[in-house]
Amino acid sequence: MKLTAGGRRLAAAALVQSLGIGLFMASSMAYFTRQVDLSANQVASGLALAGVVALGISLLGGVLADRYGARRVLAAVYLGRGACCVAYVFVTDFWQFMAVTLCAVACDRAGPPVLQALVAVAVPERQERTRLLAVVNVVRNCGLGVGAMAAGVALASDTQAAYRVTLVAIGLAFLGGAVLVLRVSELAAPTAEAAPEGAAERPVKGRVLPDARYLTLTGLNFLLFFFDTMLLVAMPVWILEHTDAPRATVSVLFALNTVLVVVLQIPVSKLATGQRRTTRMLTWTGAVLAVSSLCFAASGSVAGGLAVAWLAAAVVTLSLAEVIANSAVWDLSIALAPEEQRGRYLSVFNLSVAGQRVLGPVMVTGLLLGSGSLGWVVAAAVLVVAGVAAERVARAAGERMRAGVPVDA
């Protein structure tokens, strides 16, 4: 697809900073445990605690974006993440690690909704916004993979100097992303779809939380975003402990998911045209996730190649649900947010994603996997209901906006 100048800069910024994230993800654990002398439990507990605390802090990103502009705030977020990576060079104990990690995770959580807010004011046409976010997602996945492979240099050397050079390189990657973001123009006026007639008269000023329908959609998206936890937590544990599939199947299926998301995200994003079709994609998300859950359940009762086949089917459908969900919620989370408080609304909506990453693993290990195949069947039923409910809530919210009904009414 052809991108505007601002869109190209945002995509380039996403690529540059994702290279840094890939480098960090692949090399940070080795650096903290082998060079800083932290234990693996300390690193894991520090990341978990920082993730919980950062949930609330990340809401400030949307508030600041509404006040000072999404472009400036996103650049500041990227600079903050870069500074944290450089600060890790000077970390010598657990509490220093915690302080830097809290700042880094807060910036990480604040970034996605501020990016969406910037796309909303940089790209005038609603459908093009969704396609641009699809491009950003694709280049981000590619950047993560390339960055992770590049981290092999530091891992092979396994020296403090190599890790520190890597951390500084990551910081420079975020600096490059910030520079590109600052060159994006915030000049686009809202379209009729993004800011329907009567929207400017809605009494949203001073509102602390989004309206009830938007909050309900946020809660339902928490369930629909379960595809992330299914892939990162449930799939590997299920394969290793509940199926007869070879252990190498885990890495193969991770790679399959990455390829499918890169290939499918942009074409599927083109389906998000019009309120009715886009909201219908929420129902499809729940349905396709339910099929994936049932495939996972089936893989636990067969052996050998048949188990692998069911697992492959589960990941294919899971990947399809991921790209459908992304396309729908990128569009709806922006379109259903009032322009004057768009950053705040998007930050609240992003809690459904961040919350899933914090609470999802607990749900998987404590509820789903502990119940065996029955847990997957129950999950399938819940996901179908969540998809249908999300469609109805989003459609009602869209009709309310078109009618110009005040959000407090």
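Okay, let's start with Met 98, which is buried, with a relative accessible area of 10%. By buried I mean under 20% relative accessible area, exposed is over 50%, and partly exposed is in between, with a 1.4 Å probe and protein chains only. Met 98 sits in helix α5, residues 94-122. Helices here are DSSP runs of H or I with at least four residues, numbered from the N terminus. From the C-alpha of Met 98 to that of Ala 122, 24 residues along the chain, the separation is 36 Å.

Quick housekeeping. This is a predicted model, so local features need pLDDT of at least 70 and side-chain atom pairs count only at pLDDT 80 or more, while totals for chains, interfaces and linings use all residues. Residues are numbered from 1 along each chain as its sequence is written, and side-chain values use heavy atoms, with hydrogens and water left out.

On to helix packing. Two packed helices are described by the angle between their axes and the distance between the axes. The axes are lines fitted to C-alpha atoms over the stretch in contact, and angles run from 0 to 180 degrees between N-to-C directions. Helix α1, residues 5-34, packs on α8 at about 160°, axes 8 Å apart. That makes α1 roughly antiparallel to α8, since the label applies over 145 degrees; under 35 is roughly parallel, 65 to 115 roughly perpendicular, and the rest oblique. The α1 and α8 crossing is left-handed, meaning the near helix is turned anticlockwise from the far one by less than a right angle; clockwise would be right-handed.

Now α13 (304-335) and α14 (342-368): their axes come within 9 Å and cross at roughly 140°. That makes α13 oblique to α14, and this crossing is right-handed.

Back to α8, because of the surface. Leu 79, Val 86, Phe 90, Val 168, Leu 172, Leu 175 and Val 179 make a nonpolar patch of about 610 Å². For a patch, residues need over 30% relative accessible area and no salt bridge, with nonpolar side chains (Val, Leu, Ile, Met, Phe, Trp, Tyr) joined within 5 Å and like charges within 9 Å. Helix α8 gives the most, 4 residues, and both α4 (70-87) and α8 (160-182) supply at least two each. Leu 172, in α8, is exposed at 52%.

Which loop residues have a positive phi without being glycine? Asp 37 is one of them, with phi near 65°. Asp 37 lies in the loop between α1 and α2 and is exposed at 63%. Asp 158 also has a positive phi, about 55°; its loop runs between α7 and α8, and Asp 158 is partly exposed at 23%.

Last, salt bridges: a side-chain nitrogen of Lys or Arg within 4 Å of a carboxyl oxygen of Asp or Glu. The count comes to 8. Arg 357 and Asp 228 pair at 3.3 Å, N to O. That links α14 to α10 (226-242), 129 residues apart. Arg 357 is partly exposed at 45%, whereas Asp 228 is buried at 13%.

Glu 391 and Arg 280 meet at 2.9 Å. Glu 391 is in α15 (373-402) and Arg 280 in α12 (275-299), so the pair ties together parts 111 residues apart in sequence. Finally, salt bridges with shared partners join Arg 81, Asp 108 and Arg 109 into one network.

Terms used:
Areas by Shrake-Rupley, 256 points an atom, 1.4 Å probe, with all protein chains shown as cover.
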